[in-house]
Amino acid sequence: MDKIVVLDFGSQYSHLICRRIRELSVYAELVPYDISSDELKKKEPKGIIFSGGPSSVYNSDAPLPENAIFDFELPILGICYGHQLIVNKFGGKVKQANKEYGSSLLMMDKNSKLLEGLGESIRAWMSHGDEAEEIPDEFDIIGHTSNAHAAAIANKDRTIFGIQFHPEVIHTEQGTEILKNFVLNICNAKQDWTMEGFIEKTVNELTKIDGNVLCGVSGGIDSTVAALLIHKAIGERLTGVFVDNGLLRLNESEEIDDMFMKNFSLNFHKIEAQEKFLSKLRGVLDPEDKRKIVGEEFIRVFTDFAEKNGPFKWLAQGTLYPDVIESGVSKGPASVIKSHHNVGGLPDWLNLEILEPLRELYKDEVREVAKILGVPEKLVNRHPFPGPGLSVRVIGEVTPTKLSISRKASKIIEEELWDAGLYNQVWQAFAAVGDDKAVGVVGDERKYGRIVTVRIVDSIDAMTADWTRLPHGILEKISNRITNEIEEVTWVSYVISSKPPATIEPQ
Ligand code: XMP
C-alpha cells in the first residue's frame, strides 16, 4: 500500500493532515519528528510531510528531523513550522514576526505543481509567529500574502515544497486540492486505502490468531465494529460481553441487548453488574477516584467472566489511532494482531493478550467500516459516551436521584436535537447534575430543586471543542421540558466554556 508519512512537530493539526490524506484514499501515518532515517526508510513512504509545531527553528532546542531524511530524494512538503524548517535547512533565514492567526489572501506568484489549478488566489489559514525572511537560492517563491512574502516556496530542481499556511484546515480554500496535488501528482501515490480493503486485510490477519477472544462491547461504535470484524474472522471463538454497570443512558441497556440479539449472530452475554459498580461508588466524590473504581471493576467483571467461561487467550478492545499515538506506543499498522497490556491502562496481572483491530483507524473511518458491516444507522451516528459512563456526568457522589435526573434530562436534550435536525451536527450533548440547588416556584409554592447543566459541543476529534451556539428557541424548549418533566429540577444552565480550558465532560 502506498503511504505518506507525516512527521509530527507538535501541531494541533497534525492528525488532521493524516485524515485529509486518507480522505483521498491514500494511507497516511503520523510518526514522531525524531524518527530515525532507517526507521523511516523501512516504511517505504511515497512522500514526507513535516507538520507545523509550536517551536522556533532558531532556538537551540528546536526539534529537527534527522538530516539523512533530506537525502532520500523523496518529495517533501513542509507546513508552517515544517516550512520554516526547510527554509532554515537550505540556508535561508527565519525571523520572529508579528503573530498572524486567521485567514489571509494567498496570491500565486509562479506556476508550480503544488498550487496547480487553484487560480490566482485563495484564502489560506495562517497560525504562526515566525516567518521566512530570506529564501534559499535553490528555491522559488510560488505564493505570498500581505504579511508573508514567501508564504509558499518550491525547490527549483527537487520536489521539496514549503507552505506557511495550513492546507489541512477547512478554512483554507482548496486546501484539499493542495494536498491532492502533493500526494497524487507529486508523490504519485496510488489511491489504494479503502475501508473495504481495510476490512479484507484485517479479517485476513485476524483469522491467523489462535485461542478464544473476549470482547467487551459497550454498545458504542468502536467496540461493536471491533467485535464484528473479529467475528467475521473467527466466528464462534469470539464472545462479546456487555456489562450493565448502572451508569448507562436511559434504556441503553435494553437497546444494546436488543441490537446485538436482533442484528448480529455472535456469541453475546450481558452481565448485570449495576449493584457491584454502584456500591463501590457509594460515598466517593473525587472524579479520578470514580474513574479508577469503574475501570477496575470492569476488569474484575471481565476476568470473573473469563475464568468461569474460558479459556480465553485474548481481550479485544476498540482502541483507535489517535489513542495509540497519544499513548506513545504506536507500532504502526502491522500491530493489528498483538500489542501489550496496559496500553489502555490495564493492570499487569491481567492474564490476557490484547487485540486492537481498529488501532489504525480514525473515528470517521470506523463509521464507514460500520456502515459496510451493516451496523444500524442510529448506532453509527450515536454520540460518543465515556467509558466511566454517567459517573463522570454526575458531579460529586453518584446517587440514584442524580443518575435518574441526568438520564431523563439527557434524553430530552437528544430528542430536541433530533427534532431540530441538529443531532448529527453536534459532537456530544448531555446533561450533568451535581448537588447544587436553586429555589424555584411552582404554582404558588416555593420549591428548592436541583440545577441541571446542559453541555452541547462541536468538535472534530474531542481534543478541542467549542460550545454549540444553539438557537435560543431550542435552548428554551430544552429548558422548559427539563423543568416541566423532571420533578426535582428548578434551574437549567448552559455551559459556555470551550475545551481548552474546560473539558467536555464535567468530571
Ligand atoms: P474530555 O472530558 O476529556 O473528553 O474533554 C474527551 C472525549 O473523551 C470522552 N471521554 C472518555 N471516553 N473513557 C472513554 O472511553 C473515559 O474515561 C473518557 N473520559 C472522557 C468524552 O466523552 C469526550 O468525547
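This is a predicted model: local features need pLDDT of at least 70, side-chain atom pairs count only at pLDDT 80 or more; totals for chains, interfaces and linings use all residues.
Arg291 places a polar side-chain atom 2.6 Å from a ligand oxygen atom. For Lys499, the distance from a polar side-chain atom to an oxygen atom of the ligand is 2.7 Å, and for Gln428 it is 2.8 Å. On its own, the ligand has 490 Å² of accessible area, and the protein covers 68% of it.

Let's turn to the sheet. Here 9 strands form an open sheet with mixed pairing, and their order is β2-β1-β3-β4-β9-β8-β7-β5-β6. At the edges stand β2 (27-32) and β6 (121-134); each has a single partner strand, so one side of each is left without a neighbour in the sheet. On average, neighbouring strands are turned by 20° against each other, direction ignored.

In general, strands of a sheet pair through backbone hydrogen bonds, either parallel or antiparallel. Strand β3 (residues 47-50) and strand β4 (residues 76-79) run parallel and are joined by 3 bridges. Within this pair, Ile49 has Leu77 of β4 as its bridge partner. Helix α1 (residues 14-23) packs on the sheet, where it touches β1 (3-8), β2, β3 and β4. The direction of helix α1 makes about 160° with that of β2.

Definitions and conventions:
Residues are numbered from 1 along each chain as its sequence is written. Side-chain values use heavy atoms; hydrogens and water are left out. Two strands pair if DSSP finds at least two bridges between them. Helices (H or I, at least four residues) and strands (E, at least two) are DSSP runs, numbered from the N terminus. Axes are lines fitted to C-alpha atoms, for helices over the stretch in contact, and angles run from 0 to 180 degrees between N-to-C directions. Contact means heavy atoms within 4.5 Å. A polar contact is a pair of N or O atoms within 3.5 Å; within protein, one must be able to donate a hydrogen and the other to accept it, and residues adjacent in sequence count only if both atoms are side-chain atoms. Accessible areas come from the Shrake-Rupley method with a 1.4 Å probe; for residues, only the protein chains shown count as cover.
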